[in-house]
Amino acid sequence: ASREPWSSRVGDFATARKSLERKSLSIERTKGAEILFGIAPCSLALSQSRRDLLRLFLKQSGGSRRLGMSELVLQAAARGVPVHHVRRRELDALCRGQVHQGVCLEATPLRFKSLEEAQKPPLGDEEGPKRQVIWLVLEQIQDPMNLGALLRSAYFLGVDRVVTSQRNSCPLTPTVSKASAGAMEVFDVYSTDDLRSFLKAKTAEGWEVVGTVSRPEDVENVPVISCLEFQWNKPVIIVIGSEGDGISLETQLLCQRMLAIPPGRALHPGIESLNVSVATGILLHSICSQKLRRSA
């Protein structure tokens, strides 16, 4: 009787091994949950009570991150969250190839808060006409990396509230949380389906609504000044527009002033603007530094 060729048997073995590996990678997700990834988002989510936490997945063998992993295990134990040690390929599959740093957390999604909640300041946090309060309004920010970076800057620089437009805006996804270095887990984000009515109402309350623009020549009927010249002594709303088109014309006309970042050199055509999250970081630093100086 003829024997089966050696190469055929090796091929069958390789096929069977790949099949087993595929089965081992399929961790069944809980319906209605999502997978957070990265040390900072998972650690901060574990430290808060804003999500329902279901399972923590850690890469087998700690290596140089053993101490950090031990802290995550302690956080999970304190919240009653089961911990599973799995292979890296299983973590890769859970977060669909994102950079997870050896950590994934299954949890319920975070939602935007309603604007009605944003209208009610916490007890003892009066937002009177003389107090320097700054809100950041995001109109149609669609890229999760940009949204995460914006939230990280807003949290770091001392913005009091962030409000997004519901239409054509990115939801609060795990990618946003990772890009925010976990700031999304501790910083409330609000949303409105009627941005213009909201801005009109805040103007009537005595707030100043300030827009932003990369090309001052594109703005009509609204004064444009450098962010370095901007002074403020009452509650202010800074409006940031979408990555491609900036602030809509209808929103522009609700702004009392528009801010621009002066470039440091003559610019070549095609590279005359900054990434929206970078530009916002520069603007917020310029504006929030006045708040810090007055409170010192």
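Is Ile-39 buried, partly exposed or exposed? Select Ile-39 to begin: this residue is partly exposed, with a relative accessible area of 28%. In the terms of this tour, buried means under 20% relative accessible area, exposed means over 50%, and partly exposed lies in between (1.4 Å probe, protein chains only). The model is predicted: local features need pLDDT of at least 70 and side-chain atom pairs count only at pLDDT 80 or more, while totals for chains, interfaces and linings use all residues. Residues are numbered from 1 along each chain as its sequence is written, and side-chain values use heavy atoms, with hydrogens and water left out.

**Helix H2**

Ile-39 is found in helix H2. Helices (H or I, at least four residues) and strands (E, at least two) are DSSP runs, numbered from the N terminus.

Next, display the whole of H2, residues 39-47, and colour Pro-41, Cys-42, Ala-45 and Leu-46, which are its buried residues. Viewed down the axis of H2, these buried residues fall within an arc of 130 degrees, so they line one face of the helix. The arc is that of the directions from the helix axis to the C-beta atoms.

**The salt bridges of Arg-51**

Select Arg-51 and Glu-34, whose side chains meet in a salt bridge (2.9 Å, N to O). Arg-51 lies in the loop between H2 and strand S2 (53-59) and Glu-34 in strand S1 (residues 34-37), so this pair ties together parts that are 17 residues apart in sequence. A salt bridge is a side-chain nitrogen of Lys or Arg within 4 Å of a carboxyl oxygen of Asp or Glu. By this rule the count comes to nine salt bridges.

Glu-185 lies in the loop between helix H7 (174-179) and S8, and Arg-51 in the loop between H2 and S2, so the pair ties together parts that are 134 residues apart in sequence. With Glu-34, Arg-51 and Glu-185 on display, a network of salt bridges links them. Arg-51 and Glu-34 are both buried, and Glu-185 is buried as well.

**Arg-257 and Glu-208**

Move to Arg-257, which forms a salt bridge with Glu-208, the closest N and O atoms being 2.7 Å apart. Arg-257 belongs to strand S12 (residues 257-260) and Glu-208 to strand S9 (residues 208-212), so the pair ties together parts that are 49 residues apart in sequence. Arg-257 is partly exposed, with a relative accessible area of 22%, whereas Glu-208 counts as buried at 9%.

Select Leu-195, Phe-198, Leu-199 and Lys-202, which are buried in H8. These residues cover an arc of only 95 degrees around the axis, which puts them on the same side of H8. On the face turned away from this buried side, find the exposed residues Lys-200 and Ala-204. After H8 comes Gly-206, whose phi is positive, near 105 degrees.

Which residues form the negative surface patch? Glu-116, Glu-117, Asp-193 and Asp-194 form it. Asp-193 is placed in the loop between strand S8 (189-192) and helix H8 (195-204), and at 65% relative accessibility it counts as exposed. Patches are made of residues with over 30% relative accessible area and no salt bridge; like charges are joined within 9 Å, and nonpolar side chains (Val, Leu, Ile, Met, Phe, Trp, Tyr) within 5 Å. Lys and Arg count as positive and Asp and Glu as negative, with His and the chain ends not counted.

**A nonpolar patch**

Select Leu-274, Val-278 and Ile-282, which make a nonpolar surface patch of about 240 Å². Val-278 is found in helix H10 (residues 276-295) and is partly exposed, with a relative accessible area of 42%.

**Two loop residues with positive phi**

Most residues other than glycine have a negative phi. Arg-96 has a positive phi of about 55 degrees although it is not a glycine. Look for Arg-96 in the loop between helix H4 (88-94) and strand S4 (103-107), where it counts as exposed at 66% relative accessibility. Finish at Gln-140, whose phi is also positive, near 60 degrees. Gln-140 is found in the loop between strand S6 (134-138) and helix H6 (144-157) and is buried, with a relative accessible area of 17%.

Terms used: Accessible areas come from the Shrake-Rupley method with a 1.4 Å probe; for residues, only the protein chains shown count as cover. The place of a charge is taken as NZ of Lys, CZ of Arg, CG of Asp or CD of Glu.
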